[in-house]
Amino acid sequence: MKVQLDRDRCQGHGRCYVLASSVFESDDDGYGLVVSDSVPVELHEPARKGAGNCPEDAITIIED
């Protein structure tokens, strides 16, 4: 699995990194960042949860 975050769409709600802190983190302004483009199997569910709760649909999950 890979995760992409569209920085132009992110509004900084922070739901992704609150729900999946091993997959997403905050930049200095509170906008989301992806920790690593490639997500290990044990973090697939948190990645999906973080993406599914993004109000701007700024996160794309790419299944392998």
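This is a predicted model: local features need pLDDT of at least 70, side-chain atom pairs count only at pLDDT 80 or more; totals for chains, interfaces and linings use all residues.

Guide: First, the naming rule: helices (H or I, at least four residues) and strands (E, at least two) are DSSP runs, numbered from the N terminus. Asp27 sits in the loop between S2 and S3.

Visitor: Why does Asp27 count as buried?

Guide: Its relative accessibility is 16%. Buried means under 20% relative accessible area, exposed over 50%, partly exposed in between (1.4 Å probe, protein chains only). So Asp27 is buried.

Visitor: How do you know that Asp27 forms a salt bridge with Arg7?

Guide: A salt bridge needs a side-chain nitrogen of Lys or Arg within 4 Å of a carboxyl oxygen of Asp or Glu. For Asp27 and Arg7, the closest N and O atoms are 3.0 Å apart. The pair links distant parts of the chain: Arg7 is in the loop between S1 and H1, 20 residues from Asp27. Arg7 has a relative accessible area of 43%, so Arg7 is partly exposed.

Visitor: What does the side chain of Asp27 reach at 2.9 Å?

Guide: The backbone nitrogen of Gly30. That is a polar contact: a pair of N or O atoms within 3.5 Å; within protein, one must be able to donate a hydrogen and the other to accept it, and residues adjacent in sequence count only if both atoms are side-chain atoms. Asp27 also touches Arg7 and Leu33, not counting residues up to four places away in sequence. Contact here means heavy atoms within 4.5 Å.

Visitor: How many salt bridges does the structure hold?

Guide: Three. Glu45 pairs with Arg48, with the closest N and O atoms 3.8 Å apart. Glu63 and Arg48 meet at 3.1 Å, N to O. Salt bridges that share partners join Glu45, Arg48 and Glu63 into one network.

Visitor: Why are Glu45 and Arg48 separated by about one helical turn?

Guide: Because they are three residues apart in helix H2. Glu63 lies in the segment after S4 and Arg48 in H2, so that pair ties together parts 15 residues apart in sequence.

Visitor: Which of these residues are exposed, and which partly exposed?

Guide: Set each value against the limits. Glu45 has 54%, so Glu45 counts as exposed. Arg48 has 34%, so Arg48 is partly exposed. Glu63 has 46%, so Glu63 is partly exposed.

Visitor: What makes the buried residues of H2 line one face?

Guide: H2 spans residues 44–52, and His44, Ala47, Gly50 and Ala51 are buried. Seen down the axis, they fall within an arc of 125°, so they line one face of the helix. That arc is taken from the directions from the helix axis to the C-beta atoms. On the other side, Glu45 and Gly52 are exposed. What covers the buried residues includes S1 (2–5), H1 (15–19), S2 (24–26) and S4 (59–62).

Visitor: Why does His44 count as buried?

Guide: Its relative accessibility is 16%, so His44 falls in that class. The side chain of His44 reaches the backbone oxygen of Val39 at 3.1 Å.

Visitor: Which residues touch the most other members of the largest nonpolar core?

Guide: Val3, Leu5, Val23, Phe24, Val39, Ala47 and Ile59, out of 16 residues. S1 and H2 each supply at least two residues of this core. A nonpolar core is a set of buried Ala, Val, Leu, Ile, Met, Phe, Trp, Tyr and Cys residues joined through side-chain atoms within 4.5 Å. Leaving aside neighbours within four places in sequence, Val39 is in contact with Met1, Val3, Val23, His44 and Ala47.

Visitor: How many bridges join S1 to S4?

Guide: Four, and the strands run antiparallel. Two strands pair if DSSP finds at least two bridges between them. Gln4 stands opposite Thr60 in S4.

Conventions
Residues are numbered from 1 along each chain as its sequence is written. Side-chain values use heavy atoms; hydrogens and water are left out.
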